[in-house]
Each structure stands twice: as structure tokens, then as C-alpha cells.
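Welcome, and please open your viewer. We will go from the whole chain down to single residues, one selection at a time.

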Amino acid sequence: MLAVKSMEVRENFKEWCNKVIDGETLIVSRPKNENVVIVSEKEYNEIVKAKRNAEYLKNWTIALPSWKMVKLSISHSMN
């Protein structure tokens, strides 16, 4: 994770973008602590997917207590 000032990003935008594509996360510091984070599209998509999965699991586990418990028995014979 790299932290840089916004002026540095403006002056060398292409270089910073290449670092992000190569796997770095870039924190751009701005006045009044209104910072931004730059990640690659691949990383962003992974974050969105993880968030969506977490929400799905949260909703799914809330529904679990209302289910009736059923014991399953699987028998396997080898002839």
C-alpha cells in the first residue's frame, strides 16, 4: 500500500496507474483528510464480489433458525 499526495498523482498519473495495475493499492491524500483509494479494476471487482457474498451469507444465516433440523443418513454399500 502506497500513500502519495494528489499533486504527485497528477504529475505522474501513468506511472501510478502502472503501479496499481501491478498490484499496489494507492492512497491519495487530499486536503481536509478527504483521501481516496485507487485500486485496479480486478481488485475492485473482487471487493464487490466479497461484499455481495457477505451480504448473501448474512441473509442466509438469518433464515437458518426458522428451518427444521433434519438428520440425513447416507448408506453406501460396496458389492
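What share of the contacts in the protein with a separation of 6 or more comes from residues 24 or more positions apart? Such residues account for 18% of them, where contact means heavy atoms within 4.5 Å.

A word on what you are looking at: this is a predicted model, in which local features need pLDDT of at least 70 and side-chain atom pairs count only at pLDDT 80 or more, while totals for chains, interfaces and linings use all residues. Residues are numbered from 1 along each chain as its sequence is written, and side-chain values use heavy atoms, with hydrogens and water left out.

**Stop 1: the whole chain**

Show the protein as a cartoon. Helices (H or I, at least four residues) and strands (E, at least two) are DSSP runs, numbered from the N terminus. The protein exposes about 7,600 Å², and carbon and sulfur atoms supply 57% of that; the area comes from the Shrake-Rupley method with a 1.4 Å probe. Of the 79 residues, 10% count as buried. Buried means under 20% relative accessible area, exposed over 50%, and partly exposed in between (1.4 Å probe, protein chains only).

**Stop 2**

The three strands form an open sheet in the order 1-2-3, with mixed pairing; two strands pair if DSSP finds at least two bridges between them. At the edges are strand 1 (2-5) and strand 3 (36-38), each of which pairs on one side only. Neighbouring strands are turned by 30° against each other on average, direction ignored. For such angles, axes are lines fitted to C-alpha atoms, for helices over the stretch in contact, and angles run from 0 to 180 degrees between N-to-C directions.

Follow the pairings next. Strands 1 and 2 run parallel and are joined by 4 bridges; Lys5 has Ser29 in strand 2 as its bridge partner. Strands 2 and 3 run antiparallel, with 3 bridges between them, and Val28 stands opposite Val36.

**Stop 3**

**Stop 2: Ser6**

Select Ser6, in helix 1 (residues 6-11). With a relative accessible area of 18%, Ser6 is buried. Leaving aside neighbours within four places in sequence, Ser6 is in contact with Val28 and Ser29.

**Stop 3: the hairpin loop**

Move to the hairpin of strand 2 and strand 3, with 6 residues between the strands; there Lys32 takes a positive phi near 60°. Arg30 also lies in the loop between these strands. Is Arg30 buried or partly exposed? Arg30 counts as partly exposed, because its relative accessibility is 40%. Not counting residues up to four places away in sequence, Arg30 touches Asn35 and Val36. Try the distance tool on Arg30 and Met7: they are 23 residues apart along the chain, and their C-alpha atoms are separated by 9.1 Å.
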